[in-house]
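This briefing concerns a predicted model.

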Amino acid sequence: MHRSKALAALALTTALTTGGAAGAAEIQLMRFFGDCQNDYGSVNDASEANGECGIITALVNEFNATNQGGHTVTVQTAEWGAYYDLLTATFQTGNIPDVAVMHSSVMPDFVSRDLLTPLGPLFQEAGIDTADFVPAALQNASANDEVYALPFDLHALLFHINVDLMEQAGFVNEDGTVRLPTSPEEFIEMGKQFEEATGQNFIAVESQSAEGMMVRFFNSLVWQQGSTTLADDGTSANLNGPEALAAATFIKQIYDEGLADPGLDYPGAEQAFLNGQAGIIINGTWVVDSYNAQAEGGSVPLQNYVATNVPALMGEEAVWADSHMWVIPRDESRAPEEQEAAVAFLTFLNDNNFEWSRTGHLSVRQSVIDSPEFAALPHRANISNTSQIARAVPTTQNQRSIYNAIMSDFNAMWLTGAEPQAALDSAQSQVERILRRANRGG
Amino acid sequence: MTAARSGWALWGDRLLLAVTVLVAILWLLPVIWVVAMSLKPNAVLQQSTWGFIPMPFTLENYANLLQLATVPRWLVNSLIVAVGMTLLVLVVSSLAGYAFARLQFPFKRAIFVLMIAGLMIPEQAVFLPLHQMFASWGIHNTHAALMMPRVAVPIGVFLMMQFFRAVPRELEEAAELDHASRFTIFWRIMLPLSVPALTTLGLFTFIHAWNDFLWPLVSATDADMYTVTVGLASIQGNFAFTEGLGSVMASAVFASLPIVLLFLIFQRFIVAGVAMSAGK
């Protein structure tokens, strides 16, 4: 009798164990951010990693080492520029990833083709509280009243400042804070004073069309005036109205007055800023920690660095932001346990959102933003409300094409001297053509 | 008078040589710059990319590359695809080129025009149907899928046809008198004569296959099937061109080394091939 009880217990244990193993799944993760297996391949604690690549690598390692279901995440990396072509191709080639990273600006292209799994009910089951997401992030992750992605960050445009140069120009207040302009006129005036006092450019910004930093700045300025460049329903553009003209005229003036070098590409703008050749660089949240580390390291002329919001130059506070998000691409052949494992991984990423915010990106979770550990990160106090003022472009298909069209017309303003109205009219016409195609399903 | 003319000619040659060397140096400068950057630390390059001398010097960018477990696999994939594609292109182009040069068959002119028209169709125009066709066959993520779209090369057929046309007919007639079959003539006489043309076509095909990016990107979507170009790109971080410039340049040098070696070994044929395709 005793022996049979022992056998029954053994059988039950075996059944439970094998049952658990049967639920274990391999999750294919596709992402950009690079491959840093050499540096972080054996780091299982995300708090010990740095940088986008390092932190996501360590997060995956940590999940693989600690998750209760015995799931394994296998990572496939792709180059950022080619990433979406590769991801799209997988729907034909057959190896659709279980989880993939996606920019919010690209998500409408995939939602409109029904290529993403709706996540609302799955999040509810998994206990992911969407109410904790800041409004801009939730908007980015949603389409047609459904949540299609786990927002992971908001990456907004910021002003990164060389405080020593600003002090030299007399733009540092008694309390040590930097005085920033509050209107386009003041911006230009301060820029001239700055250049006279320091002999350096007031602004460094990528101006050679790879990133389109000035398009992001332009969008921010239009939003600040209470207007928008694309209608909320994504059917029409408003690129040549009075607000857009005011913003474009101001941007052209920055170059015309010699306050920024129009010949700088992205690395050139960074080099100018790090080498103390510019007071402010207009760049995103993603460089906060990198600039901070270099300034603290003492290896670059930039010594005293702060990051702040893009100031309200044309009215209310508003700034361009995009989001990195995680999606579950639709795959009819995916087994239920694989989908469950994918959701478990998303839950883990959401639980560790703070670690990702150490990259410099803004957390999408209000609870993380309000936490003392987030406030303790360098410069985050200055940008704690950025998530609130962040604005996303409407969820329209072909946003990359729209962005590129505006970018090429904008560059003409400072590279060939095109007039703002002419550049805007051209951009309007190009964007309307793209929207027409998108709205008729082309 | 003759001595004076030869003196001018000598100086003319020297001037031409000097200009050629100068232009060659100008062409080489970006390459030297790339190599120099690949030997500098990334942090230094984020501040300045200036200078052709790699100081401070590091081999870390190359070491990181070689430590990646996936790199050998990508190299093997590239090698299989490049060698396989080269062999197939040589077979198809030489057979088709010989047929157009020497054989008479119905609709020869129309077929030739159709073949040459292929030169005018950009690759992008057939990209989607090609991709969907391969998907319906279920052959994406295979070496065959990476090779097949590039096997029919109109310029290769044209090059071989031009070469075969230049071979004296008497050689074939002599073989025919000895009762050699058409294939024997092709195999035993024409092919051995066309080694320079085949070498040139083979080298250009190999280089094209090795450097190809777009088709491998969307066909070989499984990381194990990445070719070296797609694989090396996949390891770059989002802002690699500022934060990891040295690594990017090391990848570029690493990926182009086989091609450079190939060029150094076979440059005589490449130059002859360019002259042949331009002059005929």
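The largest nonpolar core of this predicted model comprises 182 residues. Within this core, A:Ala149, A:Ile203, A:Ala204 and A:Phe218 have the most contacts. Helix α4 (residues 71–102) of chain B supplies the largest share of the core, 10 residues.

**Nonpolar cores**

- Leaving aside residues up to four places away in sequence, A:Ala204 touches A:Ala260, A:Leu264, A:Ala269, A:Ala272, A:Phe273, A:Ala278 and A:Ile281.
- Another core, of 10 residues, lies apart from the largest one and has B:Leu39, B:Leu45, B:Phe239 and B:Leu245 among its members.

**Contact between chains A and B**

- Chain A contributes 31 residues to the contact and chain B contributes 29 residues.
- On the side of chain A that touches chain B, two or more residues come from each of α2 (37–40), α3 (51–66), β2 (72–77), α4 (80–93) and α12 (266–274) of chain A.
- Of these elements, α4(A) gives the most, with 8 residues.
- By residue class, this side of chain A has 12 nonpolar, 14 polar and 5 charged residues.

**Helix α12 of chain A**

- A:Ala269, A:Glu270, A:Gln271, A:Ala272, A:Phe273 and A:Leu274 are the buried residues of α12(A).
- Their cover includes β7 (155–162), β8 (201–204), β9 (278–284) and α13 (288–297) of chain A, together with α2 (42–47) and α14 (240–243) of chain B.
- Just after α12(A), A:Gly276 adopts a positive phi of about 70 degrees.

Methods. Residues are numbered from 1 along each chain as its sequence is written. Chains are lettered from A and ligands numbered from 1 in the order in which they are written. This is a predicted model: local features need pLDDT of at least 70, side-chain atom pairs count only at pLDDT 80 or more; totals for chains, interfaces and linings use all residues. A nonpolar core is a set of buried Ala, Val, Leu, Ile, Met, Phe, Trp, Tyr and Cys residues joined through C-beta atoms within 7 Å. A residue is buried if 20 or more other C-beta atoms lie within 10 Å of its own, exposed if 12 or fewer, and partly exposed in between; C-beta atoms are placed from the backbone. Helices (H or I, at least four residues) and strands (E, at least two) are DSSP runs, numbered from the N terminus. Two residues are in contact if their C-beta atoms, placed from the backbone, lie within 7 Å. Ala, Val, Leu, Ile, Met, Phe, Trp, Tyr, Cys and Pro count as nonpolar, Asp, Glu, Lys and Arg as charged, and the others, Gly among them, as polar.
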